[in-house]
Amino acid sequence: MKTENLTKEYSSKNGCFNINLEIEKPIVFGLLGPNGAGKSTLVKTLVGLLRPTRGKAFLLGKPFDDIVIKSKIGYLPENFKYPDWMTAYEVMEFHCQLLKMKNYKNEIYSLLEKVGIIEHKDKKIRLFSKGMQQRLGLAVSMLNRPEIIFLDEPTSALDPIGRIDVRNIIIELKNQGTTVFLNSHLLSEVEKVCDKVAIINNGYIVAMGTIDELTRKALKVTFVLDKVDSKLFEIISLKNINILNHSQTTLELELSSHEDVPILVEEFVRSGYKIYEVKKSQELENVFLQVIGEGYFDVGNNKILF
Ligand SMILES: Nc1ncnc2c1ncn2[C@@H]1O[C@H](COP(=O)(O)OP(=O)(O)OP(=O)(O)O)[C@@H](O)[C@H]1O
């Protein structure tokens with residue numbers, strides 16, 4: 001997937017602007033951003049539902065609007081509604097017919113099984129909960145065994161078990177060679193599953209990189225010790241480490257590398273301190289707040305397009 005200055009500007013002047021993305025091999029790519037940032041707009045443009053105002057996009061080596069591409073991508077929209085008089089099986093069957101699939105019964109059963117609603121296959125949609133509908137939408141989006149699948153907030157209606165199920169499906173898709181483009185504002189979810197992340201704010205990509213690259217500069221670690229005293233501060237100051245917060249027994253530090261954690265633990269223990277806990281704070285959340293708050297983030301050699 002490649003985009004070159006891809007822009008969709010609504011008459012309201014909102015949208016997404018100058019998007020430059022490049023995904024070379026099957027990965028899980030996360031697009032993260034607050035409400036109204038432009039995530040759905042970008043995905044709708046890539047799947048051909050919106051016409052770009054300017055710029056280019058290529059999927060699987062072809063222009064994104066090439067008709068051949070449509071049969072190779074999957075799309076789970078953020079807000080969708082299937083006719084409520086149909087059963088889950090009928091919805092799947094309808095999409096199989098649209099895709100001109102033959103002998104689809106087993107495929108339908110296997111996908112409904114995968115998303116955990118096989119026992120509801122003959123139930124009408126009007127009796128489905130939001131989460132069950134979302135699971136059905138996910139099954140529909142996988143029907144054509146897509147090479148790229150766009151999932152717009154796939155877990156917004158799901159309970160924690162449902163979220164884990166979707167995470168496992170995403171990982172399985174990637175392992176089968178499918179590129180997964182995941183829109184989300186759930187940081188922990190993106191952190192667990194994505195190989196690469198872009199953060200979008202006000203329509204612009206403000207940071208992009210692997211989770212490791214993005215979080216390198218925002219590593220916060222809290223140590224819970226038997227005591228925090230001047231000797232401990234001295235050890236830390238000799239290492240040029242920033243102290244973010246402390247109490248009589250806790251110490252929050254800003255570290256530049258994960259490797260600093262075992263080094264510090266060893267040094268604290270050698271100096272006679274007891275360590276009860278070492279907690280890394282949700283790192284991507286720190287980056288997210290930093291970028292969204294300040295509108296700018298430096299990610300080493302990665303592109304910053306703000
Ligand atoms: N059809 C439209 N016409 C005009 N403006 C629109 C239209 N659709 C979306 N917008 C505006 O474009 C901006 C981006 O919206 P978009 O739906 O892409 O955001 P999002 O990141 O997907 O948000 P959310 O997380 O809330 O779903 C918002 O300011 C929104 O109000």
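V180 touches V28, F29, I149, L151, I170, L173 and K174, leaving aside residues up to four places away in sequence. Contact here requires C-beta atoms, placed from the backbone, within 7 Å. This is a predicted model: local features need pLDDT of at least 70, side-chain atom pairs count only at pLDDT 80 or more, and totals for chains, interfaces and linings use all residues. Residues are numbered from 1 along each chain as its sequence is written.

V180 is also one of the residues that touch the most other members of the largest nonpolar core, with A139, F150, L182 and I199. That core has 63 residues. A nonpolar core is a set of buried Ala, Val, Leu, Ile, Met, Phe, Trp, Tyr and Cys residues joined through C-beta atoms within 7 Å. Buried means 20 or more other C-beta atoms within 10 Å of the residue's own, with C-beta atoms placed from the backbone. Helix 5 (residues 130-141) gives the largest share of this core, five residues. Another core lies apart from it, of five residues, including V221, L225, L251 and L253.

Strand pairing comes next. Strands (E, at least two residues) and helices (H or I, at least four) are DSSP runs, numbered from the N terminus. Two strands pair if DSSP finds at least two bridges between them.

| Strands | Sense | Bridges |
|---|---|---|
| Strand 1 (residues 2-9) and strand 2 | antiparallel | three bridges |
| Strand 11 (residues 219-225) and strand 13 (residues 250-255) | antiparallel | six bridges |
| Strand 12 (residues 242-246) and strand 13 | antiparallel | four bridges |

L6 has I19 of strand 2 as its bridge partner. T222 stands opposite E252 in strand 13. N242 is bridged to E254 of strand 13. A hairpin of three residues joins strand 12 to strand 13.

How values were computed: A residue is buried if 20 or more other C-beta atoms lie within 10 Å of its own, exposed if 12 or fewer, and partly exposed in between; C-beta atoms are placed from the backbone. Two residues are in contact if their C-beta atoms, placed from the backbone, lie within 7 Å.
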